[in-house]
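Thank you all for making time this morning. I would like to walk you through one structure, and I will keep to a few places in it.

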Amino acid sequence: MKKTAFSKTIYDTLLQAYRPFIVKLTVSIILGFLGRFLILSNAQILGQFIDQTATLSTDNLKPLVLKLFFILIFAFILTLIFRTWFSRLSALAVSRIYDETTYRVSRFPISFFDQQPVGKITTRFSSDYGNIFRLFGGPLAEFLSILFDLISIVVLMVFVHPYFLITLLFSSWIYLSILKRNQFRLRSSRRELSNNRAPSIAHFSETVQGSTTIRLNQKQKMFTDKFLQYDDTYLLAKRTVFWNVTRFSIELNILSALFFGLNGIVCLFLIHRGIIGIGLASVVLTFTLLATNTLQMFFEWFSQFEEALVGVEKLDDYLRSEIEPGAMLPSYSDFNTNHPKRHHDEHPLPPDSEDKSPYHLQAEGLNFKYPTSKNMILHSISFKIKPGEKLGIIGRTGSGKSTLISALLHLYPIQSGALLINGKNENDVERHRSLFSVISQDQLFLTGTIRTNLDLFRQHSNHEIEKILQQVGLDFSLHDDVFEKGQNLSQGEKQLLSLARGLLQKAEIFIFDEATSNVDPHSESLMNRALTDILSDKTQIRIAHRLQTVEDCNEILWLDEGRVKKIGPAKEVLVAFQKARL
Ligand SMILES: Nc1ncnc2c1ncn2[C@@H]1O[C@H](COP(=O)(O)OP(=O)(O)OP(=O)(O)O)[C@@H](O)[C@H]1O
Ligand SMILES: [Mg+2]
């Protein structure tokens, strides 16, 4: 079944977004309505004056012109206040939807990011949100002004003579049935349009990211064709929306002609009976024309808002999705969406280690699978590390070494088993992760400088950072450039920078995931020195491809197809491992 109505929760989301501004918005709406009503009532005053004045002279015209002039000025001021005030408040309100969605998306389970194309997520935060902001942050005031005009016209017409109420009600009834007939069709075609935008952007972003590979394999044409194919589907959806809009618009035009004809007949009848004069009749007919034009505009805006509401629906879907287990929204999050929330703003403190267990980290019978994998990847993994001890992890490629790290950091939920820090299970994932630092080459590097990459939020002094750079043996200045994804850094430099990050963050457990690819001997010796000297008193987990890396570890865990093949003193396990490899 095709979904046509908007999900109920989007209205709740909008209400939550506007909630802090409700009083101010109501005041501004009252002022805005008054402004538009006064502007339109000028025509009424003029019409009445013409009908009631036998001869026009400067004496009776002067006070009238003055009166109209002052009403107009006053009305303009009210309208201006409404427009600027309302637009500003409305922009602030919808930007709350963006913020609140960000708080949640940044806490989504990692599997969400594994499965969703980057382009799709980008579309939500760029074009979908762009639609919402563009319309709610300005045109909504315009839309309301149109609504005020329509209401004012109805009131002023009925004020001329109640007979017009009949033509108004009749026309409104036809209008609503036209609207109802078209609305579902329009909504579903708009939703289709919005759904078709994401795949082409996702494909575009994937293509850009893989541009080197695509070029090396001479596959440019295939990727371009695929993009054009997505684009064609999008254009087709756009055309459907266009036809639906045009069709609706033609139906409305026919209705407008009918409305004008009916009111013309009523005017003639009332003039014939001497109930109204030419002045008021012209006012009514002018209002009728105005109303039909206004109605057309009202619809045009209305249809744009429907598109923006589709955007709200998409963000709302993110707003109400589950965040990862153990994560909490920040205390300043203001939307009520059934997610756990922190009580205060401080950065989560590391778990206290009062009742000290002899073990810094303990894994007991860990079973783990990725949300997307069918079979279990890790089977009953158990080990214990005392504070300051080093555990080496070895195993063939694909044996689950990196997966074990994902499980230790709760990047994905573990199926069963326990993971204890200082003897305790830490429920708060942020607190849990703040204890660890992972040193690897595939860390996130941002476009900027060495300084921004080490201390994005400026929590440390230059001196402090320089000292750490020196300590890890990197000869960088704080203002040296870093390109996107750290493309201008060598693999070894990336490792050392990620070590510097961990030291700045004062992590307690350092995890070193050794590169599979060869690192030059100089970088390798720098890294080895870092592990043995700088991190000598820290608890470490070292994943090794080169066995020398783990020779000085207290214990070695040998993983084989996700199971512990052997765990014990370094020498013993290494000898057994080497024997098995022969
Ligand atoms: N994100 C993921 N989703 C699903 N399956 C995954 C994911 N990452 C890894 N796997 C699977 O888990 C298994 C273990 O992979 P893992 O990366 O842990 O191996 P590894 O021991 O680190 O290998 P290497 O020495 O090559 O780094 C593999 O079969 C792999 O296909
Ligand atoms: Mg690995």
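This is a predicted model: local features need pLDDT of at least 70, side-chain atom pairs count only at pLDDT 80 or more; totals for chains, interfaces and linings use all residues.

Let me begin with helix H2, which covers residues 22–52, and helix H3, which covers residues 58–105; their axes come within 8 Å and cross at roughly 155°. With an angle over 145° counting as roughly antiparallel, H2 and H3 are therefore described as roughly antiparallel to each other, and their crossing is left-handed. If we sort the residues of this contact by class, we find 24 nonpolar, six polar and three charged.

The second pair brings in helix H6, residues 139–160, which packs with H10 at an angle of about 150°, the axes being 9 Å apart. The contact of H6 with H10 is made up of 21 nonpolar, two polar and two charged residues.

The axes of H7, residues 163–209, and H10, residues 278–319, come within 10 Å and cross at roughly 30°. Because angles under 35° count as roughly parallel, H7 and H10 are roughly parallel to each other, and the crossing of these two helices is right-handed. Which residues of H7 and H10 meet? On the H7 side they include Phe164, Tyr175, Leu179, Arg187, Arg190 and Arg191, while on the H10 side they include Phe298, Phe299, Phe302, Glu306, Glu307 and Glu313. Taken by class, the residues of the contact of H7 with H10 are ten nonpolar, four polar and eight charged.

Let me turn now to the ligand. How many residues surround ligand 1? There are 13, and the closest of them are Thr397, Gly398, Lys401, Ser402 and Thr403. Thr397 has an N or O atom in its side chain that is 2.4 Å from an oxygen atom of ligand 1, and Ser402 places a polar side-chain atom 2.8 Å from an oxygen atom of the ligand. At Ser399, by contrast, it is a polar backbone atom that lies 3.3 Å from an oxygen atom of ligand 1.

That is where I will stop, and I would be glad to go back to any of these places on the screen.

Conventions
Residues are numbered from 1 along each chain as its sequence is written. Chains are lettered from A and ligands numbered from 1 in the order in which they are written. Side-chain values use heavy atoms; hydrogens and water are left out. Axes are lines fitted to C-alpha atoms, for helices over the stretch in contact, and angles run from 0 to 180 degrees between N-to-C directions. Helices (H or I, at least four residues) and strands (E, at least two) are DSSP runs, numbered from the N terminus. Angles under 35 degrees count as roughly parallel, over 145 as roughly antiparallel, 65 to 115 as roughly perpendicular and the rest as oblique. A crossing is left-handed if the near helix is turned anticlockwise from the far one by less than a right angle, and right-handed if clockwise. Contact means heavy atoms within 4.5 Å. Ala, Val, Leu, Ile, Met, Phe, Trp, Tyr, Cys and Pro count as nonpolar, Asp, Glu, Lys and Arg as charged, and the others, Gly among them, as polar. A residue is near a molecule or strand if one of its heavy atoms lies within 4 Å of it. A polar contact is a pair of N or O atoms within 3.5 Å; within protein, one must be able to donate a hydrogen and the other to accept it, and residues adjacent in sequence count only if both atoms are side-chain atoms.
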